[in-house]
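Please read this note with the model open beside it. The points can be checked one at a time.

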Amino acid sequence: AKAALSMWNLITPPNNGVVRILAQGMEVGHAYSAAIDQILAHPDLKDWEYICTIEHDNLAPQDGILKLIEDLENHPELACVSGLYFTKGEGGVPQIWGDPSDSLLNYRPQVPKPESLQECCGTGMGFALWRLSMFKDARIEKPLFETLKGNGGVSTQDLSFWTKARKWGYRCAVDTRVKVGHIDIQSGMIW
């Protein structure tokens, strides 16, 4: 209920269309890939500018979408901006994955720089705004989002996507002004 109320209270720009799509009952990578494919196949939605991903256990601030839109409007070099949230549990880390100034692509978490737009190599998807145009780039191999385990490597769906997208010059950042809670549904603890 806390997460649903957080989503219901998000402010969106006036006079702009908003469609809420729920993807459930699938592995997370499959769910995101299927949802993006459905949007790109829709005669109207395929031409929209942005898509916001929000996961079931994230608590976004009321003005979060407005701040992320502001970031993308002011930074056309970025394809995605996420709010700041941490992995759940003791010792959780900020989902600001990898320093792009490092010559070796990595997804080591960065320490958040207060009240800034912090570029990284990959973002989580719990509260992120994406340019829909990047998903139309046929150079990014499908499935877009893929949870990897076993012989194909080990990666969450978000970071496996960023490994593919960065090959083609796509960049992302985290807005540390947009503080997002990450709720543990079983305990009620918010990280």
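Predicted model: local features only at pLDDT ≥ 70, side-chain atom pairs only at ≥ 80, totals over all residues.

1. Residues are numbered from 1 along each chain as its sequence is written, and side-chain values use heavy atoms, with hydrogens and water left out.

2. An open sheet is formed by five strands, in the order S1-S7-S3-S8-S5, with mixed pairing. Helices (H or I, at least four residues) and strands (E, at least two) are DSSP runs, numbered from the N terminus. Two strands pair if DSSP finds at least two bridges between them.

3. The edges of the sheet are strand S1 (50-54) and strand S5 (117-120); each has a single partner strand, so one side of each is left without a neighbour in the sheet. From one strand to the next, the twist averages 25°. Angles run from 0 to 180 degrees between N-to-C directions, with axes taken as lines fitted to C-alpha atoms, for helices over the stretch in contact.

4. Within the sheet, strand S3 (residues 80-84) pairs with strand S7 (residues 127-131) in the antiparallel sense, over three bridges. Ser82 has Ala128 in S7 as its bridge partner.

5. Helix H3 (residues 64-74) packs on the sheet and touches S1, S3, S5, S7 and strand S8 (172-179). Contact here means heavy atoms within 4.5 Å. The direction of H3 makes about 145° with that of S8.

6. Next, the backbone. Most residues other than glycine have a negative phi, and most peptide bonds are trans. Asn15 is not a glycine, yet it has a positive phi of about 60°. Asn15 lies in the loop between helix H1 (2-8) and helix H2 (28-41), and with a relative accessible area of 83% it is exposed. The classes are buried (under 20% relative accessible area), exposed (over 50%) and partly exposed in between, with a 1.4 Å probe and protein chains only.

7. Glu115, also not a glycine, has a positive phi of about 50°. Its place is in the loop between strand S4 (96-97) and S5, and Glu115 counts as exposed at 52% relative accessibility.

8. Lys142 and Pro143 are joined by a cis peptide bond, with omega about 0°. Pro143 is found in the loop between S7 and helix H4 (157-166).

9. Gly91 is in the loop between S3 and S4 and is exposed, at 67% relative accessible area. From C-alpha to C-alpha, Gly91 and Glu70 are 31 Å apart in space and 21 residues apart in sequence.
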